[in-house]
Every structure is written in C-alpha cells, then in structure tokens.
Amino acid sequence: LPVDWLKPLDGRVRLIVGPADPPGFADHLLQALPEAEGLLTLLTDRVDAAILDRAPHVRVISNVAVGFDNIDIAECSARKIPVGNTPGAMVEATADIAMGLLIASARRFAEASSDAREGHWKTWSPIGWLGADISGAVIGIIGMGKIGKAMARRAHGFGMKIIYADTSSQPEIESSLGAIRYPLDDLLRVSDYISLHIPLMNSTRGLINESTLRTMKPSAIVINTSRGPIVNTTDLCRALREGWIAAAGLDVTDPEPLPPDHDLYDLPNCFILPHIGSATHGARRRMAEMACENVLAGLEGKRLPYCVNPQVYET
Ligand code: DGY
C-alpha cells in the first residue's frame, strides 16, 4: 500500500511492512508475527490457523478488501479475533467493471480491436463483428447485495430486464427497477447475461460448472467480478470452446494470476481483466482508509467499524 494511504497509522502503530511481490507473508513478517498485535492484510495474504499460531498477541485483522475468503474466519472467531473488511468502498467501481465487461463481451471489443490493429479492417461491412443486443435483453444477477444492486441500476439504465437470485428478496430493487426474483435454475435457463455478485464460500465454490453452464442458453454471456473459484475454470473453457454458452467476461479467475499461457486467453469469446474491479484511485484510497480505521479500533480495544465476525463481541 502506498505510504500515503497509511497516514492515519502514523505515530500510532509500529508498522512492519511486507514486499508487494511475491504476495503472502515474507520471512521477515513471519519472524515478526510473535510480537504482532494487529495484521493489515491484502486478499493475496492467506491467514489460517498456522499463521495465527505464530501470532498469539494479534487482536485485530484488517483486510483491505470487501472479500475475506483469504482469512479463516471460523478460526479467528474461535480465538475471539475480530476481522475487518471494507464494504461499500468499491461498489460503484466494481459495478462499472462488470458493466464494462458485459458490453465488451457482448460487442466483441477484444476481437474487433485486435482485428483493426492487425489490418483486418478492410471496409465497413454490414456483417462485421456482429454482437449481442443489450437493450431489451434479460440480465440474471446472482447475488443482490451492494454490488449486485449497483449492477442492476446500470443494467436498468441500459434498458435491460432484471431478474435476480438471492437468499432473500430485495423489495426496493423490485419496486425501483422492476427486478424479479427467480429460483437459480430458472434464472440460468432464461438469462441472456448472467452476472455474479456473491462471495466465495463453500456453498458458492464451483457454482458455475458443467451442469449450470449447460443449463444456460447457448447465447448466454457470463460475467464474473466476484471471485474466480465461483466458476469452474475447466468447465468454463469447455463451455466457451464447445459453444454451450456464447462468451464470458472475467475480472477474476481461478487461478489468479492466470498464467499467460492459459487456455482461456486463446478463446476469442473470453474477455479477461486482471482483477481490477476496485482499481480506481477513489475506491482504493477509501479501502485503505477503512482498513486503517479497523486496525486502529482493534488495537484500541474498540469494536471494529466494519467487522465480518461481530459474534466475537458476544460474551
Ligand atoms: C475485494 O475488495 O474483495 C475485491 O476483490 C478487491 O477490491
């Protein structure tokens, strides 16, 4: 994290900083764990029982991300360690990327742009680079949380019909945008676009797999800005290659980073970004601010303002 973003911690904590690359706990950080009282982590840092065993004095973990699948929350809760995240900070930025991927995939930006550069733009052709219509199409949003709602607002602005699958109904989105809640299977069957906005948990890992991909329309386009492992990469590759679905736009992949020689890059109907959903100056700064607020609160023995396991405060 740029030093400037960590200003709120100046003079209040002693910081021991790891290298940006490679991710995870470098040797000097591992050695410092026995005296650490707080951890400020990125989503690339895995915090599990082994790390916590080495850090017996830690009383707050502050993840600079809204997602927290890199942290073993059950283990932290068992040890009464509050874990903080940064909800809200990247909602609009991530929804922008999801909508951008949707348009790029529907209108074949990658193929059209590289064809133009490579001299295949010979004339204006009535059948050149035809793509899918967006206005009037059905978007199925899986997960109607903050980012799902921000995506729904964008889709509404583009004239799309919105259906969604969620564990609970979202009346305000239904009344303001005309969104309709569907059972997941039905949503998969009827959507022209499917956008994923759910956290990675045991129950969502591999949700998009051979069976769910085969349920979709052959013209369907899948957008993933949540977490890579929600989609089974091998099954997605087959789906895109064999035409079970039309295209995919991914900001997250499994694995991450996706190696440059990965099969997905060879598929012209797959548009891939390197996990940049929250990569705007404003969103990233706000994430850092919230993470600093969390770490300071935890060190001062106060309740974290943005806590993912508030049960640790129950007696
Ligand atoms: C998050 O916050 O979880 C995103 O994946 C990165 O901003």
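1. Strands β4 (residues 138-142) and β5 (residues 161-165) are parallel partners, joined over five bridges. Pairing here requires at least two bridges found by DSSP between the strands. Within this pair, I139 sits opposite I162 of β5. Strands are DSSP runs of E with at least two residues, helices are runs of H or I with at least four residues, and both are numbered from the N terminus.

2. A note on the basis. This is a predicted model: local features need pLDDT of at least 70, side-chain atom pairs count only at pLDDT 80 or more, and totals for chains, interfaces and linings use all residues. Residues are numbered from 1 along each chain as its sequence is written, and side-chain values use heavy atoms, with hydrogens and water left out.

3. The β4-β5 pair belongs to an open sheet of seven strands. Its order is β6-β5-β4-β7-β8-β9-β10, and the pairing is parallel. β6 (180-181) and β10 (270-272) are at the edges with a single partner strand each, so one side of each lacks a neighbour in the sheet.

4. Helix α6 (residues 146-157) lies across β4, β5 and β7 (193-196). It runs at about 175 degrees to β4. Axes are lines fitted to C-alpha atoms, for helices over the stretch in contact (heavy atoms within 4.5 Å). Angles run from 0 to 180 degrees between N-to-C directions.

5. Another open sheet has three strands, in the order β1-β2-β3, again with parallel pairing. β1 (38-41) and β3 (83-84) form its edges; each has a single partner strand, so one side of each is left without a neighbour in the sheet. β1 and β2 pair over four bridges, with G38 opposite V60 in β2. Strand β2 (residues 60-63) and β3 pair over two bridges, and S62 stands opposite G84 in β3.

6. β1 has a covered face, L39 and T41, and an uncovered one, G38 and L40. In a regular strand, side chains alternate between the two faces of the sheet.

7. Helix α4 (residues 91-106) has 16 residues, which at 1.5 Å a residue should span 22 Å; its end C-alpha atoms are 22 Å apart, in agreement. The expected span is 1.5 Å times one less than the number of residues. Twelve of the 16 residues are buried, so the helix is mostly covered. Buried means under 20% relative accessible area, exposed over 50%, and partly exposed in between, using a 1.4 Å probe and protein chains only. Among the buried residues are V91, I97, M99, L101 and L102. Just after α4, R108 takes a positive phi of about 55 degrees.

8. A backbone N or O atom of V66 is 2.7 Å from a ligand oxygen. A polar backbone atom of G67 lies 2.9 Å from an oxygen atom of the ligand. For S278, a polar side-chain atom is 2.6 Å from a ligand oxygen.

9. T212 sits in helix α9 (residues 210-215). At 10% relative accessibility, T212 counts as buried. Its side chain reaches the backbone nitrogen of N209 at 2.7 Å. T212 also touches L188 and L207, not counting residues up to four places away in sequence.

Conventions
A polar contact is a pair of N or O atoms within 3.5 Å; within protein, one must be able to donate a hydrogen and the other to accept it, and residues adjacent in sequence count only if both atoms are side-chain atoms.
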